[in-house]
Amino acid sequence: MAPSTITPKLLLSVFLVGALAAAAAAQNCGCASNECCSRWGFCGTSPDHCGAGCQSGACSRNEVQVADIVTPAFFNGIMDQSDAGCAGKSFYSRDVFVRALRSYQGFARLGSEDDSRREVAAFFAHATHETGHFCHIEEIDGASRDYCEEDNTQFPCNPSKGYYGRGPLQLSWNFNYGPAGAQIGFDGLNAPETVATDPEISFKTALWFWTNNVQQVMGQGFGATTRAINGALECDGRNSATVQRRAEFYTEYCRQLGVAPGDNLTC
């Protein structure tokens, strides 16, 4: 399992994401009927407003129902590959994922139906890798690792809390827990353990991270999503076996969903 979903190489960019997300939370979009409320909380009609991460309004979404792609057979087929004693067996479920999905209507709904299927395959490929087929809720030995960016004054660490990986995409670092909690509605800085105790919030953090940091690179191929998630530890030859493993999950899920995986599968 990767030690975190964010790596040092991406610290600055993700910090900016957090800052902008916090600014968005302070705004009331109130867009006109022909405008989109962007992921940052601003109104407009450009692809940046209406594309990946669009919150409301005239977003560029297709008519795909993601719940129809993520069938019980698809979801349970992943979980069935983990051991019966895994903590995730009684935590993760397809029904909880579908409930969490209601707050992220832009997930896997950009472009064509094939694009939607590829995005679903990519999300679940990474979740499979990060959690061991939905076996793990928390990062293995995560409590022994320091994921506090101490000079981050916007999202300061609580010294008694740990910001190690939790949830389907192993949310990590204070600069992710803070803005994720602000948008979703839990105290990410003072109660990060909520991601490991509330399954709906857990899935919401994964969808929050995905729509803010990964969805926008889907058009560049699956390898770009790996780079966005854990590139500094895995890409450019750092851990080619892990990169290949993620790609294998992706191509298998594309096969199950009846869609071509496309090019650029590794990073």
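User: What do buried, partly exposed and exposed mean for a residue?

Analyst: Buried means under 20% relative accessible area, exposed means over 50%, and partly exposed falls in between (1.4 Å probe, protein chains only). Cys86 is buried, at a relative accessible area of 10%. This is a predicted model: local features need pLDDT of at least 70, side-chain atom pairs count only at pLDDT 80 or more, and totals for chains, interfaces and linings use all residues. Residues are numbered from 1 along each chain as its sequence is written, and side-chain values use heavy atoms, with hydrogens and water left out.

User: How many disulfides does the structure hold?

Analyst: A disulfide is a pair of cysteine sulfur atoms within 2.5 Å. The structure holds five. One of them joins Cys86 and Cys135, with sulfur atoms 2.0 Å apart. The torsion about their S-S bond is about -85°, so this disulfide is left-handed.

User: Where do Cys86 and Cys135 lie?

Analyst: Helices (H or I, at least four residues) and strands (E, at least two) are DSSP runs, numbered from the N terminus. Cys86 lies in the loop between α4 (72–79) and α5 (94–101), and Cys135 in the loop between α6 (113–131) and α7 (174–184), so the pair ties together parts 49 residues apart in sequence. Cys135 counts as buried, at 12% relative accessibility.

User: Is the link of Cys148 and Cys157 left-handed or right-handed?

Analyst: Right-handed, with 115° about the S-S bond. The sulfur atoms of Cys148 and Cys157 are 2.0 Å apart.

User: What about Cys31 and Cys43?

Analyst: They form a disulfide with sulfur atoms 2.2 Å apart. Its torsion is about -90°, so it is left-handed. Cys31 is partly exposed at 24%, and Cys43 is partly exposed at 30%.
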